[in-house]
Amino acid sequence: MRRFSLSRFLAILTKEFIQMLRDRTTFAMMIGIPVMQLLLFGYAINTDPHHLPTRAEINDDGPLARAIIAGMETSDYFRFLGPVSGEREAEAALSSGEASFVIVIPPGFERDVIRGARPEILIAADASDPTAVGSAVGALSGIVERAIAQTLTGPLAVAEAAPGPFSVVVHRKYNPERRTSLNIVPGLLAIILAMTMTAITSVAIVREVERGTMETLISTPARPLEVMMGKILPYVLVGYIETVLFLIAAMTLFSVPFTGDLAAFLAGFNIYIVINLAIGFMVSTVARTQMQAMQISFFTILPTILLSGFIFPFAGMPGWAQAIGSVLPATHFLRIVRKVMLKFGDFAAIRQDLAALAVIAVIVTILSLLRYRRTLD
Amino acid sequence: MSGAAGTEPATPRAEDGPAISVRGLTKRFGTRVAVDHVDMDVPKGVIYGFLGPNGSGKTTTIRMMCGLLTPDEGGGRTLGHDIRTESDRIKEKIGYMPQRFSLYGDLTVRENLRFMARMYRVRNVREVVERTMAEHGLDRFADQLADTLSGGWKQRLSLAACLLHAPRLLLLDEPTAGVDPKARVDFWEEIRHQGRRGITSLVSTHYMDEAIQCDYIAYIFRGQLLITGKAHEIPRQVGLHTWWVTGPDLETLEKRLRALPGIEQVVRFGNRLHVSGSDAARLDAVAREEAAHGTHTWEQRETGLEDVFIYLMSRNGSEDADGLPRGPAPAGGTG
Ligand SMILES: Nc1ncnc2c1ncn2[C@@H]1O[C@H](COP(=O)(O)OP(=O)(O)O)[C@@H](O)[C@H]1O
Ligand SMILES: [Mg+2]
């Protein structure tokens, strides 16, 4: 008699789906909030990564270096402002903001390429926009490769066969933490999910209380777990859809790469979804109206935005703020997303944050099951 | 089954005990006592009317009987199951219709019924739902959203929803509140129909004229049961005697009669007065005297349930017993 009933669970699930599809507010919230946030945060911070002012310190006078300069002059990505002479001038160009990049071609560059000695080209970058830096490396590599292909023909072409005839070294200045859109956009996923999942779930449950249908639901023999899972699973699906849309947008609109292990990402993602739905469930036990549920949900988002490392670098926060931050699920999910998307993260890399999420999930789920009222008391 | 026979005095088995039996049922909300030591026995197979004005504690009592609210004091059994500890078993066996329409307005009639059928794990859901809709005339609204139904049809839908799993006991909380008179008549017909099939119904209502529909009556006022019993025995139980008076200028007469000894209650029902008292001899003396000398017609009558309720209420401290809704005048009122 006490067993979980699949048919009751499915009945609640089906009902919830029908209601979700018929309710325009929920639907708008599901799609509207993520799109709005992504555009707002993504575009407000992501400057146009084209025609970035660039100077060059050229310590090699050969045809290859000249071809590289020519390539930069015609490139879309760089706006070549002419050469600088010496490190101090380069420094001045960056610190004044006159140039975003100074490219340093070392002495004997051409000779070393031909010898296969893999000379280094240095990009000194104003790294306040890491997206820009990342793309700069790619753009410069292309230009140099083309210059090599054009210049070193005939007997010199042998060098081409060697793998990676040169390397690009990035020297970041001013923002070694690389905290901006490249970080903001993946971090945004944590915020968007927390906001929509909590709000949608709590509203869906409070609606039952407000409209009096909760009395019917409680008067049936349904078990708490059936009700909770039946009501929550549709929104797990919503979380999946939102995330897929988000990832597509992040990769196409903001050229955020996905470098790490998808399975590791999914592990963190699923736990994170469960946590937020359970929090939504708890919000619903406090709120009396759908409006209140919405407000409380958004209120719980504030500390998440401020203390999770989404806006302020976590390492730079005072101890008490870090303490609060480390019990917030978003803090850990944020790290997982950043590590997996940007830093080639796999399970080993996110192990700690995954464990923290799992602990939070267990606690939150138990709390919300305890808060479920079988009676109207 | 029960090895502990003898340790508990006469634990009723579901088959032979009363449908509902509660003792000392009490519920407080803050300092307010919503239900105050209520004892009630609902025999099997009867229509049990649970009457009382709004706010008197009917809903709270019914919710405790279903296991939806935990009593602060007292307890009891519904279909043989303890209302404190076995609410799961009770929920499976009863049909509960909440006072407020509590199905999903954004689901269609058919979707609502299928949902409820599945919640009770009814077999052959589709078949049962289609048959139930046909039986209750809901089939023509099958694909309509429940919110778009009229009040009367919503009530029918709610009733149909709690009949899907063929419960033996119905707890209906003000099923006729706010619906039109025709729908009320139909509703009571449906409850009697269920009664003929052996289904017990506990029906709460604040319409006193609906008392005549019931086999048994319990009257609750300010959380306390003032009287319970078989409907036709209640007037005798209270010992109230009544005369009906018709004639001109009832207002003046009403005032004058109130001052007379032996007359404890004068209530106006449309174009007649009901004059009641508990001392039959004194009341009869006054009545005969008045009938002989006045211009009005006096008739000795059986005391009606409504007279009893008003009498009980005023005796228990309500000044405005007359202000309570009485529903349309009883059938005999036009004579
Ligand atoms: N959940 C509650 N919280 C506080 N007071 C309540 C609650 N439910 C009912 N009451 C109070 O208890 C009393 C009885 O209410 P109720 O059982 O609904 O009466 P009825 O159904 O006869 O109209 C009323 O005074 C009402 O205000
Ligand atoms: Mg009520």
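A search of the whole structure, a predicted model, finds three cavities of 30 Å³ or more. A cavity is a set of points, on a 1 Å grid over the protein atoms alone, where a 1.4 Å probe fits but cannot get out. Grid points are joined across faces, edges and corners, and a volume is the space filled by probe spheres set on the points. The largest cavity has a volume of about 100 Å³. Two or more lining residues come from each of helix H9 (213-219) of chain A, and E6 and helix H5 (151-163) of chain B. H5(B) gives the most, with three residues. The lining divides into eight nonpolar, four polar and one charged residue. Here Ala, Val, Leu, Ile, Met, Phe, Trp, Tyr, Cys and Pro count as nonpolar, Asp, Glu, Lys and Arg as charged, and the others, Gly among them, as polar.

The magnesium ion (ligand 2) is coordinated by Thr59(B) through OG1 and Gln99(B) through OE1, at 1.9 to 2.1 Å. Donors are N, O and S atoms within 2.8 Å of the metal (3.2 Å for Na, K and Ca); water is not among the atoms, so sites may look incomplete. Thr59(B) belongs to helix H1 (residues 58-66) of chain B and Gln99(B) to the loop between strand E6 (94-97) and helix H3 (109-119), so the pair ties together parts 40 residues apart in sequence. Thr59(B) is buried, at 17% relative accessibility. Gln99(B) is partly exposed, at 36%. Buried means under 20% relative accessible area, exposed over 50%, partly exposed in between (1.4 Å probe, protein chains only).

The largest nonpolar core has 119 residues. Such a core joins buried Ala, Val, Leu, Ile, Met, Phe, Trp, Tyr and Cys residues through side-chain atoms within 4.5 Å. Helix H8 (residues 181-211) of chain A gives the most to this core, with 15 residues. Phe333(A), Met40(B), Leu171(B) and Leu202(B) have the most contacts inside the core.

Chain B has ten helices and 14 strands. These are DSSP runs (helices H or I, at least four residues; strands E, at least two), numbered from the N terminus. Buried residues make up 55% of its 335 residues.

Residues are numbered from 1 along each chain as its sequence is written, and chains are lettered from A and ligands numbered from 1 in written order. Local features need pLDDT of at least 70 and side-chain atom pairs pLDDT 80 or more, while totals for chains, interfaces and linings use all residues; side-chain values use heavy atoms, without hydrogens and water.

Notes. On a 1 Å grid over the protein atoms alone, a cavity is a set of points where a 1.4 Å probe fits but cannot get out, and a pocket is an open set with protein on both sides within 12 Å along at least five of seven lines; lining residues have an atom within 4 Å of a point.
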